[in-house]
Amino acid sequence: ENAPWRDFIRCILGDDAVELWRGVVLNQYGSEEQHWHRDGGHLFEYPHLPAHCVTIFVPMVQTTAEMGRTSFYPGSHVADRSHLYKL
């Protein structure tokens with residue numbers, strides 16, 4: 001309830017937004033680069049719908065450009081265009 005991103009999430013998903021899942025991704029310094037992937041799927045293949053969930057990445061250590069970064073494909077969130085990206 002006291003998360004600093006709470007107001008942002010409620011603005012996107014509404015006041016009745018609830019936490020569905022919490023997890024940890026362990027990636028040690030010097031590990032292999034991850035392949036492109038989607039953190040979550042669409043509810044349905046078609047049509048494109050408003051957001052139903054949000055993924056939040058909170059690094060537990062200081063990150064640098066040399067460590068790599070999280071990247072996004074513009075438009076890949078749109079259900080009827082996601083087939084254009086090889087994720």
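The protein exposes about 8,500 Å², and carbon and sulfur atoms supply 56% of that area. Accessible areas here come from the Shrake-Rupley method with a 1.4 Å probe, and for residues only the protein chains shown count as cover. Before going on, the ground rules. This is a predicted model, in which local features need pLDDT of at least 70 and side-chain atom pairs count only at pLDDT 80 or more, while totals for chains, interfaces and linings use all residues. Residues are numbered from 1 along each chain as its sequence is written, and side-chain values use heavy atoms, with hydrogens and water left out.

Now the overall picture. Of the 87 residues in the protein, buried ones make up 8%. Buried means under 20% relative accessible area, exposed means over 50%, and partly exposed is in between, with a 1.4 Å probe and protein chains only. The secondary structure comes to one helix and zero strands. Helices (H or I, at least four residues) and strands (E, at least two) are DSSP runs, numbered from the N terminus. As for contacts, meaning heavy atoms within 4.5 Å, take those in the protein with a separation of 6 or more: residues 24 or more positions apart account for 67% of them.

Next, the surface. Trp5, Phe8, Ile12, Tyr29, Val54, Ile56, Val58, Met60, Val61 and Met67 make a nonpolar patch of about 1,000 Å². For patches, residues need over 30% relative accessible area and no salt bridge; like charges are joined within 9 Å, and nonpolar side chains (Val, Leu, Ile, Met, Phe, Trp, Tyr) within 5 Å.

Phe8 is in helix α1, residues 6-13, and is exposed, with a relative accessible area of 52%. Trp5 sits in the segment before α1 and is partly exposed at 34%. Which residues does Trp5 contact, leaving aside its neighbours within four places in sequence? They are Ile56 and Val58. From Trp5 to Ile56 there are 51 residues in sequence and 8.7 Å in space, C-alpha to C-alpha.

The other tryptophan I will mention is Trp36, in the segment after α1. Trp36 is partly exposed, with 38% relative accessibility. Its C-alpha atom is 9.3 Å from that of Phe72, 36 residues away in sequence.

On to charges. Side chains of opposite charge can pair when their charged atoms come close. How many salt bridges does the structure hold? There are two, a salt bridge being a side-chain nitrogen of Lys or Arg within 4 Å of a carboxyl oxygen of Asp or Glu. One joins the side chains of Arg6 and Asp7, at 3.5 Å from N to O. Arg6 lies in helix α1 and is partly exposed at 30%, whereas Asp7 is exposed at 54%. Arg6 also has a C-alpha separation of 9.3 Å from Ala17, 11 residues away along the chain. Another salt bridge pairs Glu19 with Arg22, whose closest N and O atoms are 2.8 Å apart. Glu19 and Arg22 are both exposed.

Last, the cysteines. A search of the whole structure finds zero disulfides, where a disulfide is a pair of cysteine sulfur atoms within 2.5 Å. Cys11 counts as exposed, at 67% relative accessibility. Cys53 is partly exposed, with a relative accessible area of 40%.
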